[in-house]
Amino acid sequence: MLREIRRPSLWQRLTVADWAWAALVVLATAGTYWVLWGVMNVYEVVITFFTAATMIGLGWHWHASRWYMAIVCLASLFAITRYPELAAAQSDFFLKYLLSSQSAIMWMSALFPAATVVYGVALFTGNDFAGRVASKLTWIAAGAGLVGLLVRWHETHLYAGGIGYIPVSNLYEVFVLFAVMTALIYLYYENAQRTRSMGFFVLLIISASIGFLLWYHFDRGAYQIEPLVPALNSYWMKIHVPTNFVGYGCFAIAAMLGVAYLIRARVSDDSPWAERLPTLKQIDEVSYRAIALGFAFFTVATILGALWAAEAWGAYWSWDPKETWALIVWLNYAAWLHLRYTKGLRGKPMAWWAIIGLFITTFAFLGVNMFLSGLHSYGEL
């Protein structure tokens, strides 16, 4: 406690590099506003400035994210400048092979499974170099995925009729978002815990989502840009969907760490595996923090969804299957956190609970679209 009291305040801890980062973000935001203010509504202006504040805070708190955000922004801007028309994606070298939305997403789809394999090598051999390579691959894959989404956003404006919209409107786009969000959240915890031993478990769920994404891409042709369903043509989509997927990403991480916990609990402390696997304390702490963060974002997303529903359908809540299962997900993790916080429950039961929670969340996210119908039927496969 004394250490925390004596710790300098945030403003005292900020360095010249921190202030330079803030100045860079402010300049970039001002430039964006200057160029686009004529086509931005008040909600988009608020979102833009909120995003800038978030980038500054994230860069101050997590220094590694600065390079990620800067490179993603520069790569996306470079790609956008090479788009006189949508057809340029098939003729321009950089777009065709690297930076068009589909090229970038395909790179992401190759790099995440590669990172999973290399994390596995690091885990099974204890090789630190392999762990560092896997971490770098994860950063690059997450960067490629985000570049793909940002460039796709620009591509929607070049599409016939100028239907421009944020690319989080269908399962294909949100699976890209899920992979990127989950990877970034994991990388933050990897940095905070100073261990890469959790990477293999978390990357497994990301690679599984990539498998679905590739099936959806090639079997259903879901990569095609199409006009928005009228119900989705709303500013609420810009904040509701990304907020939701922070929650989904956190819940997925907690579930895979639940698997890691069950495996680690069976390993004796004198086994060679004890040094390669994350400790029970690390798994427990990250799982708790991930679910707490995910629950907070999922709560906000649910409230935003209710506000959106009131505007679109005239009622905050209508017991639509998607809404009902969102409530089930919320109650599930509320109960998990309540028992953890008030009763101090830990160990295998909570690990199993986190794993089962992912199945509940997956059904709410994907199963409802596949097997049930309702007001959210526009999201079906």
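Predicted model: local features only at pLDDT ≥ 70, side-chain atom pairs only at ≥ 80, totals over all residues.
**A tour of the salt bridges**

At 15% relative accessibility, aspartate 284 counts as buried, since the cut-off for that class is under 20%. Select arginine 346 next: aspartate 284 forms a salt bridge with it, and the closest N and O atoms are 3.3 Å apart. Aspartate 284 belongs to helix H13 (residues 280-313), while arginine 346 sits in the loop between helix H14 (321-343) and helix H15 (348-371), so the pair ties together parts that are 62 residues apart in sequence.

Now move to aspartate 18 and arginine 66, whose salt bridge has its closest N and O atoms 1.9 Å apart. This pair links distant parts of the chain, with aspartate 18 in helix H3 (residues 16-36) and arginine 66 in helix H5 (residues 64-81), 48 residues apart. Are these two residues buried or exposed? Both aspartate 18 and arginine 66 are buried.

For the last stop, select glutamate 44 and lysine 238, whose side chains meet in a salt bridge at 3.6 Å, N to O. Because glutamate 44 lies in helix H4 (residues 42-61) and lysine 238 in helix H11 (residues 236-265), the pair ties together parts that are 194 residues apart in sequence. Glutamate 44 is partly exposed, at a relative accessible area of 22%, and lysine 238 is partly exposed, at 22%.

To continue on your own, note that a search of the whole structure finds 10 salt bridges.

Technical notes: Residues numbered from 1 in each chain as written. Heavy atoms only, no water. Salt bridge = Lys/Arg side-chain N within 4 Å of Asp/Glu carboxyl O. Helix = DSSP H or I, 4+ residues; strand = E, 2+ residues; numbered from the N terminus. Buried < 20%, exposed > 50% of the residue type's maximum accessible area, 1.4 Å probe, protein only.
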